[in-house]
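Dear colleague,

I am passing on the structure that we talked about, together with some notes on what was found in it. Please look it over before reading on.

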Amino acid sequence: MKIDLTDTTAGDINKALVRGRRAIGTPAVGMVLTMVIVTDEENAYDALKAAEEASREHPSRTLLVIKRHARTLRDRTHSRLDAEVRVGSEAGTGETVVLRTYGDVSDHADSVVLPLLLPDAPVVVWWPVDAPENPAKDPLGRLAQRRITDLYAFERPLEILQTRVRNYAPGDTDLAWTRLTPWRSMLAAALDQARVRVTSAAVEAEADNPSAELLARWLEARLDVRTDRVVSGGPVVTAVRLGTDNGEVVIDRPEGPLATLTLPGQPPRTLALKIRPLSELIAEELRRLDADEMYAVALRGEHAKETV
């Protein structure tokens, strides 16, 4: 069910949510969090689709905030809020409100979002693009226990990474880090099996890849070894090589969903290591809403300490 509201208020949106739930006979129970997505019109569809797929695992109220740019003098001087309320099959397993803000309302989106948050439930804010320089101090970011950004959305991600180091606050995380979960899991399992001391490390990836830089910093911090950055043809991270006294531990994924794991003295084996879709990354982030301490470690790894 969809309800369109033009030049509306947060109070009218709440009334529309109640009206929609009554119409389809669905109570407001079972939703575990409020997901706030702040994006532009161009990226709104993909972001909302990913959030709705993730809501199958984490039923939530999704608030999609689209800040419209002023095109005319009237747009600049006239503040307006339009909304589209979706409940039932139109909103996955939760509720969705698409908010389009105009004029001064765009500068005070938190005042619109605040009355729409689920009571006594965690709040997650996600910026698919154009994330603020300091998410924790952003008006919408202040409402959240978890703040999700994506370094892949920037033209110069490694420069933005340094800003993230300076402005990190507990609750911050980035999808460039989330993309590394399978790599980190496999590397930890390989070292548990090999039982060797790592003396050198290298991460191979396309140039200026933020996930590769975070992975290298994490290895430096956890293994206390200098990690080389090696440029490859991509896509994204293609290999990790850990030098030991007995030979190399290697995870190699030049392309496709399969990787090869090589341990000293053992035959190579094939592992599944696909590039995961956006919905899986968001679902993973919603499984834990406490501070991501390993992300903080990766941000402030030994290499980061040298360059900050």
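Two residues are taken to be in contact when they have heavy atoms within 4.5 Å. On that basis, among contacts in the protein chain between residues at least 6 apart in sequence, 71% join residues at least 24 apart. Please keep in mind throughout that this is a predicted model.

As for the overall picture, the protein chain has 308 residues, of which 52% count as buried, and its secondary structure consists of 11 helices and 14 strands. Taken along the principal axes, the box filled by the C-alpha atoms is roughly 70 × 40 × 35 Å. The chain exposes about 14700 Å², with carbon and sulfur atoms supplying 48% of that area.

Strand E2 (residues 33-39) runs parallel to E6 and is joined to it by four bridges, with valine 36 standing opposite valine 125 of E6. Strand E7 (residues 146-149) is likewise parallel to E6, here through three bridges, and isoleucine 148 in E7 is the bridge partner of tryptophan 126.

Best regards

Key. Residues are numbered from 1 along each chain as its sequence is written. This is a predicted model: local features need pLDDT of at least 70, side-chain atom pairs count only at pLDDT 80 or more; totals for chains, interfaces and linings use all residues. Side-chain values use heavy atoms; hydrogens and water are left out. Helices (H or I, at least four residues) and strands (E, at least two) are DSSP runs, numbered from the N terminus. Buried means under 20% relative accessible area, exposed over 50%, partly exposed in between (1.4 Å probe, protein chains only). Accessible areas come from the Shrake-Rupley method with a 1.4 Å probe; for residues, only the protein chains shown count as cover. Two strands pair if DSSP finds at least two bridges between them.
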